[in-house]
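Please look over the chain shown here before reading on.

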Amino acid sequence: MARVGARYGFGFIFARRLTSRRKRVDPARVGTRLRLAFEELGPTFCELGRFLAARRDRIPPGVTRELERATSVPKPVRFESVRRLIERELDNDLERLFVSFDEHPLRTGVFTQSHRAVLPGGHHALVVVNRPGIRRELLTMRPVAELVRRRTANRLPLDPSEEVVEFIAHTTQRRDMYAAVRNVHRMRAFEQPGVVVPTSYKGYCSARLATFAFPQDPHPPDAGELRAVTRYIIRLALFEGLFPADLRAERLFAGEGGIWVADPTEFLSVDPERLRGLAELLDAISRDDVEATLRALPSAGCTAPEEDATLRRELRDTMGSLGGPFWRERTLSEVVARGLETARQGGVKVPLELVLLFRSLVAAESLVREKDESYTAMGDFSEAAREMISRSRDPREVASRTARKLLQPETYADYPRQIHAVLTELKDGEVEVRFNHEGVEDLISKVDILANRLVFALLIAALVVSSSVIGIFVRGGAHFLGMSVFGLAGFAVAAVLGLALLVGIIRSGRL
């Protein structure tokens, strides 16, 4: 990673420098160099680049455009490795588990790989397995991200360490096959005419692989079938909070019953409370109401700055340019890009899950536009949004939602234990209060550096004074240029230490 970083101009992250890097650089050039570095490091790092590119509310558009282009074709996992994984996870021989198993993968993704198979009884199936080696690559990112954070001294729009932690959690969720099977049950309950969500085979699933039904004679879908699945994904995302993290044409096939979401793994979810906040936000935006939009931002999990004059101006400009009678003719991609850029200019921090949700909907729209350039998803999105808003405000839905919460046993099950624990700690005098002071660790680190430099300076001063005394008052022993050799040695050591202190101060950029 250090070699690749140095090759593309990021060597200052890994090596010590005499002076600090103060030169301003073009964000587009930074994005290009980042993309090239990620592509050389491999598919997992390219996925990190695309993950960062989704943060258009924080990162300049020149960088996000380049990171979105990061591509590195993953190599298929060897069949021997796939066989070992399946036999270990399902505790049986491959020949006993399947009537036939295709050694060549149907789809090779960054985190998963899928194979066609036939189960006993002649049932066609798709086996999705996790690719090995991903965890090792994720672990290498954390120390490098921490190093980047320290060397850049918080000059980046994002905290690299926090983003890598979120990316690891994001990747873990995408690779959780048990979660994929649970999501399939929710997706099957959310019916859509013309869209087929396959059933899962319980005895052929584990934490690292999942097996789903597959059409017998699959073929690529046409534009009409892709429009149906795009409408389904939009409604599924807005009503159920489920959306695909990696929607590609290789996951969709036309077969008996309509278009199949043949590989339903790698779906993400949004908290229901945040979805209801999103409904209020979309309602305010649809009415071109700036004040209502500002009030709805916190309910959707967004954080707006206290000084919101710039945000108000950006919102008025965006609503004015995107609104009007022809807003339905705009693409969802254009609307989302403009909205996130408005958030960035106005200083609004959008929750990651909402950013990823909108990116997924844009990907669904782009699948149709590859076959039909005249298609826009804004009509389907606005229709679903209106229904979502009315449903969230329906008194019966509110009462039903409240009743479901009150009737959940887990809502009350943990209260007695928590109260007992608090009372026990109070009785024993062991209540611990913790204060989280933001920035204290950085302050302590700076004070520690200052103290070390002060001690270093005192040591140099002591060497200079003692060497001067020796040089003046010592008359015996070896002399050079009229001065005692011991005094000259002290001056030399003091000079070296002083030069080292000066270099350290210059490197910190505080001279």
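1. Basis. This is a predicted model, in which local features need pLDDT of at least 70 and side-chain atom pairs count only at pLDDT 80 or more, while totals for chains, interfaces and linings use all residues. Residues are numbered from 1 along each chain as its sequence is written, and side-chain values use heavy atoms, with hydrogens and water left out.

2. Overall make-up. The protein chain has 22 helices and twelve strands. Helices (H or I, at least four residues) and strands (E, at least two) are DSSP runs, numbered from the N terminus. Of the 511 residues, 42% are buried. Buried means under 20% relative accessible area, exposed over 50%, and partly exposed in between (1.4 Å probe, protein chains only).

3. Surface and contacts. The accessible surface is about 28400 Å², and carbon and sulfur atoms hold 56% of that. Areas come from the Shrake-Rupley method with a 1.4 Å probe; for residues, only the protein chains shown count as cover. Among contacts with a separation of 6 or more, 69% join residues 24 or more positions apart. Contact means heavy atoms within 4.5 Å.

4. Helix α16. This helix covers residues 352-369. Its 18 residues should span 26 Å at 1.5 Å a residue, and the end C-alpha atoms are 26 Å apart, which agrees. The expected span is 1.5 Å times one less than the number of residues. Is α16 mostly covered or mostly open? Mostly covered: 13 of its 18 residues are buried.

5. Its partner, α11. The axes of α11 (residues 223-240) and α16 come within 8 Å and cross at roughly 170 degrees. Therefore α11 is roughly antiparallel to α16. Axes are lines fitted to C-alpha atoms, for helices over the stretch in contact, with angles from 0 to 180 degrees between N-to-C directions. Under 35 degrees counts as roughly parallel, over 145 as roughly antiparallel, 65 to 115 as roughly perpendicular, and the rest as oblique. Contact residues include L226, I233 and A237 of α11 and L357, L361 and V368 of α16.

6. R35. This residue lies in helix α3 (residues 27-41). R35 counts as buried because its relative accessibility is 10%. Leaving out residues up to four places away in sequence, R35 touches E66, L67, R69 and A70.

7. F45. Helix α4 (residues 43-53) holds F45. F45 is buried, at 6% relative accessible area. Beyond neighbours within four places in sequence, F45 contacts M1, F38, E137, T140 and M141.
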